Amino acid sequence: MDLSNKHCFHGNSLYNIPGRWHCYGGQDPQNVLVLNVLLLGDRQSGRSSVGNALIGGHEFPTGCCIPGVSMTTECRLLSQNFPKYFRRQGAESDLRLRVVDTPPQMPHPQSLSNLCPEGVHVLVIVVRADFLPENSQLHQHAESLLGPEWRDHSLLVLTHADFLEEAGLHPSVYLTHTTDWLRALSEQVGGRVFFLDNSCDWPSIRGRPLRDQLLRLSANNHHRSLRVQTEVSL
């Protein structure tokens with residue numbers, strides 16, 4: 001369904017804060033909140049699986065890979081509309097997610113800017129809980145792309161959280177005993193930490209709570225987006 005260029009501005013509440021709103025045409029218009037979501041993560045961290053959970057499908061390619069080789073080699077944008085996802089001022093409203101998956105290396109800023117000319121509303125940083133590198137440049141990449149405010153717009157997702165249960169580790173205990181860079185990252189992100197269990201059906205079971213947390217984070221930022229900084233050093 002096509003979106004018109006008309007904007008709608010409304011009052012305040014958790015999901016009613018003015019932001020990037022559109023209206024459908026027709027006799028019975030419904031409001032749609034459009035959010036651009038950027039996925040960042042190291043090689044085989046589970047970015048594409050997180051993207052599938054967010055859109056509620058299996059469109060981002062996933063599966064067994066050659067060790068050390070990522071299935072995602074270029075930025076890819078997928079969009080999904082969720083009708084009547086939440087209520088605002090007593091009326092049901094749609095949520096439209098535009099999710100950008102990225103390769104494990106630093107994505108090209110101009111490519112991201114072309115995909116999200118209106119900016120990024122939520123940055124989802126994806127880390128694999130059961131296989132951590134000694135160090136990571138994810139926070140440097142985030143700041144290079146979105147500036148110092150990236151922290152307020154970011155959510156850390158730890159995939160393969162079923163590993164923690166098998167190891168008898170509570171998530172809070174895991175974070176206190178993990179590597180220095182991951183512990184520091186978990187303390188910086190404004191959207192806190194979300195654990196995803198890879199042993200369950202992500203789109204149908206884990207997708208909704210992840211989308212809800214993403215929506216709360218965006219609402220806390222008044223649904224304001226961050227422009228991609230194209231003048232950065234790669």
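This is a short walk through one protein chain, from its overall layout to a few single residues.

The model is predicted, so local features are taken at pLDDT of at least 70 and side-chain atom pairs at pLDDT 80 or more, while totals for chains, interfaces and linings use all residues. Residues are numbered from 1 along each chain as its sequence is written, and side-chain values use heavy atoms, with hydrogens and water left out.

Let me start with the layout. The chain has seven helices and seven strands. Read from the N terminus, the order is β-β-α-β-β-α-β-α-β-α-α-α-β-α.

Next, the chain totals. There are 234 residues, and 48% of them count as buried. Buried stands for under 20% relative accessible area, exposed for over 50%, and partly exposed for what lies in between, with a 1.4 Å probe and protein chains only. The accessible surface of the chain is about 11400 Å², and carbon and sulfur atoms hold 49% of that. Those areas come from the Shrake-Rupley method with a 1.4 Å probe; for residues, only the protein chains shown count as cover.

As for contacts, meaning heavy atoms within 4.5 Å, take those in the chain with a separation of 6 or more: 70% of them join residues 24 or more positions apart. N114 belongs to helix α2, residues 109-115, and is exposed, at 55% relative accessible area.

Now helix α1. It covers residues 47-55, and eight of its nine residues are buried. The buried ones are R47, S48, V50, G51, N52, A53, L54 and I55. A general point on helices: an α-helix has 3.6 residues a turn, so residues three or four places apart point the same way. After α1 comes G56, with a positive phi near 70 degrees.

On to charges. How many salt bridges does the count come to? Taking a salt bridge as a side-chain nitrogen of Lys or Arg within 4 Å of a carboxyl oxygen of Asp or Glu, the count is eight. Three residues, K84, R87 and E92, are linked in a network of them. E92 is partly exposed, at 35% relative accessibility. Elsewhere, R128 and D130 form a salt bridge with an N to O distance of 2.6 Å. Both ends have a computed accessibility: R128 is partly exposed at 24%, and D130 is partly exposed at 30%.

Most residues other than glycine have a negative phi, and most peptide bonds are trans. K84 is not a glycine, yet its phi is positive, about 50 degrees. This residue is in strand β3, residues 76-88, and is partly exposed at 48% relative accessible area.

Which other residue has a positive phi without being a glycine, at a value near 55 degrees? That is H223. H223 is placed in the segment after α7, which spans 202-220. Is H223 buried or exposed? At 3% relative accessibility, H223 counts as buried.

A word on rings. The charged end of R208 sits over the ring of Y85, 3.8 Å from the ring centre. The rule for that is NZ of Lys or CZ of Arg within 6 Å of the ring centre and within 35 degrees of the ring normal.

Last, the cysteines. The structure holds zero disulfides, a disulfide being a pair of cysteine sulfur atoms within 2.5 Å. C75 is in no disulfide, and its nearest cysteine sulfur, that of C116, is 9.1 Å away. C116 is likewise in no disulfide. C116 is buried, at 5% relative accessibility.

Methods. Helix = DSSP H or I, 4+ residues; strand = E, 2+ residues; numbered from the N terminus.
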